Amino acid sequence: MLTQVELTGIRAAASAQVRDRHRLAARELLTAALFLLPSLLVFTVFLFWPLLRSAVISTYGNDIIGRPTRFTGSHNYQLLLSQPELHEVILNTLLFTLYTVLPALVIGIALALLLQLRVAGIGFFRTLLATPFGFSVATASAVFGIFFNPGVGVLNGFLYPFHIHPVGWLTSPTTALLAVAATTVWLQLGYNVLVLSAGLQAIPEDVYEAARLDGARGLSLLRHVTLPLLTPSLFFLLVVSTIQSLQSFGQIDILTKGGPARSTTTLVYDLYLNAFAFGNSNFGLASAIAMVLFLLVVIVTAIQFGVLERRVFYR
């Protein structure tokens with residue numbers, strides 16, 4: 001049986017170990033906080049503070065040059081919700097996102113699979129298909145503006161031998177949103193191909209060998225092995241591309257200015273029209289639109305994580 005002195009010594013040693021663990025945990029926490037501090041400062045300056053400022057401005061009226069003047073509460077939101085074209089703007093935003101995200105993913109998968117072929121010169125094509133990632137929105141929009149030109153555009157040039165009447169790709173309400181979406185798909189394609197190619201190369205070859213021994217070939221191999229193991233990359237691209245599409249602005253401004261007949265006016269462009277275009281400075285209403293867009297991004301992202309993440313195979 002241990003004596004009282006020995007029990008006291010054991011308790012003292014245990015207490016010392018607990019204190020040492022607490023000091024180590026506090027030191028590790030402090031070290032982690034110091035490493036995170038630069039990123040937190042950047043996020044605070046460029047994300048958290050602007051978001052908070054937009055939320056505050058959305059509850060204020062403003063003077064002719066946009067300075068907040070008086071607290072108006074939910075007036076800007078009521079004004080926004082009373083606009084008859086709001087549902088059209090939200091529908092344009094969602095359709096534009098649908099037209100860009102899914103085609104860019106599908107085409108990206110197809111191209112990434114083709115780039116895995118072991119043929120001569122495949123490295124050149126890998127570089128070529130990744131080049132859209134290096135183009136700015138302005139440059140790509142200017143080039144596609146020439147392609148879509150109804151008079152001298154390349155696309156209508158392809159239609160001419162078939163005696164098809166020239167199409168007003170950017171001047172018709174039925175095709176303008178699709179034309180801008182096609183430009184955005186091309187812009188997203190390079191990044192998608194890079195990410196998906198990296199995901200394909202990370203799949204172990206022995207997994208394919210095991211699947212082939214079980215009789216998997218062709219489409220069966222693609223469906224039951226490649227795509228499931230590629231789901232982390234696909235899910236990442238789906239979330240990132242959706243957020244990017246919901247926030248797209250440059251290609252819309254350069255190609256269509258939100259027209260014709262507001263057929264390409266999204267929430268971001270509607271925000272611009274109220275805050276900056278044509279001498280407007282209604283920062284309160286524009287900030288309310290920004291908060292609606294933020295809410296839409298949060299809802300769509302939450303749905304993606306809630307519904308799709310459980311289908312992602314993290315090996």
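In this predicted model, threonine 265 sits in the loop between helix H10 (250-255) and helix H11 (267-275). Its relative accessibility is 1%, so threonine 265 counts as buried; the cut-off for burial is under 20%. Leaving aside residues up to four places away in sequence, threonine 265 touches Val89, Asn92, Gly258, Asp270 and Leu273. The contact with glycine 258 includes a side-chain approach: the side chain of threonine 265 reaches the backbone oxygen of glycine 258 at 2.7 Å. Leucine 178 lies 87 residues from threonine 265 along the chain, yet their C-alpha atoms are separated by 13 Å.

The largest nonpolar core has 18 residues. Leu105, Leu196, Leu221, Val225 and Leu234 have the most contacts inside this core. Two or more residues each come from helix H3 (86-114), helix H7 (176-201), helix H8 (205-213) and helix H9 (218-246). H9 gives the largest share, 7 residues. Leucine 196 shows how the core residues meet. Again setting aside residues up to four places away in sequence, leucine 196 touches Leu105, Gly108, Ile109, Ala112, Leu230, Ser233, Leu234 and Leu237.

An unreviewed UniProt entry carries the annotation "transmembrane region" for residues 29-52, 89-115, 127-148, 176-200, 221-243 and 283-308. Two of these spans were examined in the model. Residues 29-52 are 100% helix and 0% strand. The end C-alpha atoms of that span lie 27 Å apart. Residues 127-148 are 68% helix and 0% strand. Here the end C-alpha atoms are 26 Å apart.

Technical notes: Residues are numbered from 1 along each chain as its sequence is written. This is a predicted model: local features need pLDDT of at least 70, side-chain atom pairs count only at pLDDT 80 or more; totals for chains, interfaces and linings use all residues. Side-chain values use heavy atoms; hydrogens and water are left out. UniProt positions are given in the numbering used here, feature names are shortened, and annotations may be inferred rather than shown by experiment. Helices (H or I, at least four residues) and strands (E, at least two) are DSSP runs, numbered from the N terminus. Buried means under 20% relative accessible area, exposed over 50%, partly exposed in between (1.4 Å probe, protein chains only). Contact means heavy atoms within 4.5 Å. A polar contact is a pair of N or O atoms within 3.5 Å; within protein, one must be able to donate a hydrogen and the other to accept it, and residues adjacent in sequence count only if both atoms are side-chain atoms. A nonpolar core is a set of buried Ala, Val, Leu, Ile, Met, Phe, Trp, Tyr and Cys residues joined through side-chain atoms within 4.5 Å.
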